[in-house]
Amino acid sequence: MRWTHRISFFLFLAWLIFLASPFVALYDLAKAVDARDLGRISDRVNFNALRVSLSRQILGAFVDGRDLGDLDRQFAIGAGATLLNPVVEELVTPEALVDLLEDGWPQQATGGGNSGGVSPLRVDRASFGMAWRTFIASESQGFRSITIPLPATETKEKQFRVTLRLKGATWRLTGIDLPQALRDILIKRASQVVSKKESK
């Protein structure tokens, strides 16, 4: 009976550690961003998956904004992926990620300026209440993937939705759903890139 209790306790403890592990990984990423430690950031981010995530958002919204038939839409998606690649590539480097996660606004990719973006990783102001609220708002997709809305205190339109995926024993950033205002700026920039290329 005593061994049953001990095994149950250790299993429960292991489950708690597993539940906390993606948030610990996110905290570590936040500290790496604060320190501008590009090596540590690269270890915590799957840039190929992040590229797909950002491309899907920008390209999808760009194509949805046009009146196209099914065949035209497929052609536009194929052509748009090539045309919009420079805009997406500006976002998927360790330096750009620091820029984005530090104050919520990637100056290089948006052509400068700042719309008063909110940093999704406010580690210095973190509290137990904020951590609990973030934990409750997170959405698990099985045991290997979790999506965390950040900051938890902001409205959905202003939140980043950060997706982490477990590979081996390491949680890595694989996607960021951008706030609507930032997405609109990037889509506008993408349209300008396309217009310039079409006029040549």
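This report describes the sheet, the nonpolar core and the salt bridges of a predicted model.

Residues are numbered from 1 along each chain as its sequence is written, and side-chain values use heavy atoms, with hydrogens and water left out. Because the model is predicted, local features need pLDDT of at least 70 and side-chain atom pairs count only at pLDDT 80 or more, whereas totals for chains, interfaces and linings use all residues.

## The sheet

Helices (H or I, at least four residues) and strands (E, at least two) are DSSP runs, numbered from the N terminus. Two strands are taken to pair if DSSP finds at least two bridges between them. On this basis the model contains an open sheet of 4 strands in the order 1-2-3-4, with antiparallel pairing. Strand 1 (139–140) and strand 4 stand at its edges with a single partner strand each, so one side of each is left without a neighbour in the sheet.

Strand 1 pairs with strand 2 in the antiparallel sense over 2 bridges. In these, Glu139 stands opposite Thr147 and Ser140 stands opposite Ile146. The two strands form a hairpin with 4 residues between them, and Gly142 in the turn has a positive phi of about 80°.

Strand 2 and strand 3 (residues 160–167) are antiparallel and share 6 bridges. Ser145 stands opposite Arg165 of strand 3, and Thr147 has Thr163 as its bridge partner there. Strand 3 in turn pairs with strand 4 (residues 170–177), again in the antiparallel sense, over 7 bridges. Here Lys167 stands opposite Thr170. Strands 3 and 4 form a hairpin with 2 residues between them, and Gly168 in the turn has a positive phi of about 70°.

## Strand 2 and Thr147

Accessibility is judged by relative accessible area: buried means under 20%, exposed over 50%, and partly exposed in between (1.4 Å probe, protein chains only). Strand 2 is mostly covered, with 6 of its 6 residues buried. Ser145, Thr147 and Pro149 point one way from the strand, while Ile146, Ile148 and Leu150 point the other way.

Thr147 lies in strand 2 (residues 145–150). Thr147 counts as buried because its relative accessibility is 7%. Its side chain makes a polar contact with the side chain of Thr163 at 3.1 Å; such a contact is a pair of N or O atoms within 3.5 Å, where within protein one must be able to donate a hydrogen and the other to accept it, and residues adjacent in sequence count only if both atoms are side-chain atoms. With contact defined as heavy atoms within 4.5 Å, and leaving aside residues up to four places away in sequence, Thr147 touches Ser138, Glu139, Gln141, Arg161, Val162 and Thr163.

## The nonpolar core

A nonpolar core is a set of buried Ala, Val, Leu, Ile, Met, Phe, Trp, Tyr and Cys residues joined through side-chain atoms within 4.5 Å. The largest one has 37 residues, and Leu97 and Ile176 have the most contacts inside it. Elements that each supply at least two residues of this core include helix 3 (47–64), helix 6 (94–103), strand 2 and helix 9 (180–199). Helix 1 gives the largest share, 7 residues.

Leu97 touches Ile41, Val45, Phe47, Leu50, Leu91, Leu173 and Ile176, not counting residues up to four places away in sequence. Helix 6 is mostly covered, with 7 of its 10 residues buried; among them are Pro94, Leu97 and Leu101. The helix is followed by Gly104, whose phi is positive, near 80°.

## Salt bridges

The whole structure holds 6 salt bridges, each a side-chain nitrogen of Lys or Arg within 4 Å of a carboxyl oxygen of Asp or Glu. Three of them are tabulated below.

| Pair | N to O distance |
|---|---|
| Arg40 and Asp28 | 2.9 Å |
| Asp28 and Arg44 | 3.1 Å |
| Arg161 and Glu139 | 3.1 Å |

Arg161 lies in strand 3 and Glu139 in strand 1, so this pair ties together parts that are 22 residues apart in sequence. Arg161 is partly exposed at 25% relative accessibility, and Glu139 is partly exposed at 38%.

Asp28, Asp37, Arg40 and Arg44 are linked in a network of salt bridges. Asp28 is partly exposed, with a relative accessible area of 22%, and Arg40 is also partly exposed, at 28%.
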